[in-house]
Amino acid sequence: MERSEILELCRAPLRIGNRDLSTRFFLAPLAGYTHLAFRTVLRRLGGMGLATTDLVQASMLWSESRKSLELVATNSEDRPLSVQIFSGRTEDLVKAARWLQDRGYEGIDINMGCPMAKVNGAGGGARLMCNTDGAVRMVEQVISAVQLPVTVKMRLGWDSTALTAPQLAAAMENAGVAAVTIHGRTRAQGFQGSVNRDGIRQVVQAVKHMPVIANGDVRTPEDAVSMMQETGCAAVAIGRGAMLDPWIFRRIQRVAAGETGDTDPTRDEQISFLEQHFCLMTEQHQERSCVLFRKFAAWYGARLGIPEDLEDRLRRFETAEEFGEIVGRVRERHGERSRTIPTALMKVPNGPVEHW
Ligand SMILES: Cc1cc2nc3c(=O)[nH]c(=O)nc-3n(C[C@H](O)[C@H](O)[C@H](O)COP(=O)(O)O)c2cc1C
């Protein structure tokens, strides 16, 4: 496709199941980060078509554990939203799906990509990719239990000798899955190496009409456009790229609209973003908001012009007053930082995935 055609596609809305999504650029789930506050503050910046919650253990959800209820907390501003569930047991997934439907949630995403040992050990996450028939039976049961659109998020396969994603995605389409998100790495790769766009394209080619959402390593609007162009995907999910640059969805819309020129947010917009994110977190988590917010400091530091000593303080602050004082200093010294590589980029999870 020509670039102009790709940009036209980037501007087009997308229908997944019974849901009309205004853009094709989605927030990928990031456990520990994609809580209500982060989703909301990103939505306010514009351009995001769909968000998904962190993964939630199905049995913990239907049994209403406090932590699970916190993970699926939402409100009318937080739309459209899918809730991601995981389990190795069909009955738990079915019960969780019904629980979500009964409470007005609008979309269910089943995790088949998580590489963590504790998830795989119980037969969930990426382990489901090792048994196509079993995974399909499981998903069929969920689909027949609810009227909501059911989507699946997977990797390319368990390892390079078992690239099962094309076959699995085709089987999922036949089973009635509304869309598949594909992270272009295997389970064995963890987060190492670069994303295999060719592998994603093979998934796109293996299905008939089902939208395929491509995922992995999209950090800039150009990455998003080239992901669409090279893979033929219908949509793109962005995870870490949204923490490194919360304005990425808005920037993509501008590029898609053919706008040129500087799209950087102003200093005041950046400061206001920090304040809003913390304020939303405090509304939901009260005194725990300081601890929860600290994790974002390493992702936000470079892009939001936070000098390194202040980023360091944001990783340790204890009270809302201290947060206000640090942000006041960021305002005074904004842009002083010259290094452009964010701290978080140096610390992605690595090592053998068995040890995570
Ligand atoms: C800290 C972290 C937490 C994640 N949590 C989830 C999760 O809960 N569910 C899921 O399907 N994927 C999860 N992922 C994977 C991401 O959704 C995404 O597939 C991966 O990070 C590659 O995309 P990216 O380069 O845009 O981040 C997580 C990734 C990271 C780094």
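A crossing of two helices is called left-handed if the near helix is turned anticlockwise from the far one by less than a right angle, and right-handed if it is turned clockwise. With that convention in hand, the packing in this predicted model can be followed from pair to pair. Two packed helices are described by the angle between their axes and the distance between the axes.

The pair formed by helix α1 (residues 3-11) and helix α12 (residues 248-256) has axes 9 Å apart and a packing angle of about 135°. The two helices are therefore oblique to each other, and the crossing of α1 and α12 is left-handed. On the α1 side the contact involves R3, L7, C10 and R11, which meet Q253, V255 and A256 of α12. By class, the residues of this contact comprise four nonpolar, one polar and two charged.

A disulfide is a covalent bond between the sulfur atoms of two cysteines. With a cut-off of 2.5 Å between cysteine sulfur atoms, the count of disulfides in the model is zero. For C10, the nearest cysteine sulfur belongs to C233 and lies 8.4 Å away. C10 counts as buried because its relative accessibility is 1%. C130 is likewise in no disulfide, the nearest cysteine sulfur being that of C114, 13 Å away. The relative accessibility of C130 is 42%, so this residue counts as partly exposed.

A second pair consists of helix α9 (residues 197-206) and helix α10 (residues 221-231), whose axes come within 9 Å and cross at roughly 55°. α9 and α10 are therefore oblique to each other, and their crossing is right-handed. The contact draws on R197, I200, R201 and V204 from α9, together with D223, S226, M227, E230 and T231 from α10. These residues divide into three nonpolar, two polar and four charged.

Helix α9 also takes part in covering the buried residues of α8, as do β6 (108-112), α7 (132-145), β7 (150-157) and β8 (179-186). How far is helix α8 (residues 165-175) enclosed by the rest of the structure? Eight of its eleven residues are buried, so α8 is largely enclosed. The buried residues of α8 are A165, P166, L168, A169, A171, M172, E173 and A175. Just after α8, G176 adopts a positive phi of about 105°.

The remaining pair brings together helix α2 (residues 36-45) and α13, which pack at an angle of about 145° with their axes 8 Å apart. The crossing of α2 and α13 is right-handed. From α2 the contact includes L36, A37, F38, T40, V41, L42, R44 and L45, and from α13 it includes F273, Q276, H277, L280, M281 and Q284. By class, this contact has nine nonpolar, four polar and one charged residues.

Q276 is located in helix α13 (residues 267-285). Leaving aside residues up to four places away in sequence, Q276 touches V41 and R44. Is Q276 buried or partly exposed? Its relative accessibility is 27%, so Q276 counts as partly exposed. G258 is 18 residues from Q276 along the chain, and the C-alpha atoms of the two residues are separated by 30 Å.

Terms used. Residues numbered from 1 in each chain as written. Predicted model: local features only at pLDDT ≥ 70, side-chain atom pairs only at ≥ 80, totals over all residues. Heavy atoms only, no water. Axes fitted to C-alpha atoms, helices over the stretch in contact; angles between N-to-C directions. Helix = DSSP H or I, 4+ residues; strand = E, 2+ residues; numbered from the N terminus. Parallel < 35°, antiparallel > 145°, perpendicular 65-115°, else oblique. Contact = heavy atoms within 4.5 Å. Nonpolar A, V, L, I, M, F, W, Y, C, P; charged D, E, K, R; others polar. Buried < 20%, exposed > 50% of the residue type's maximum accessible area, 1.4 Å probe, protein only.
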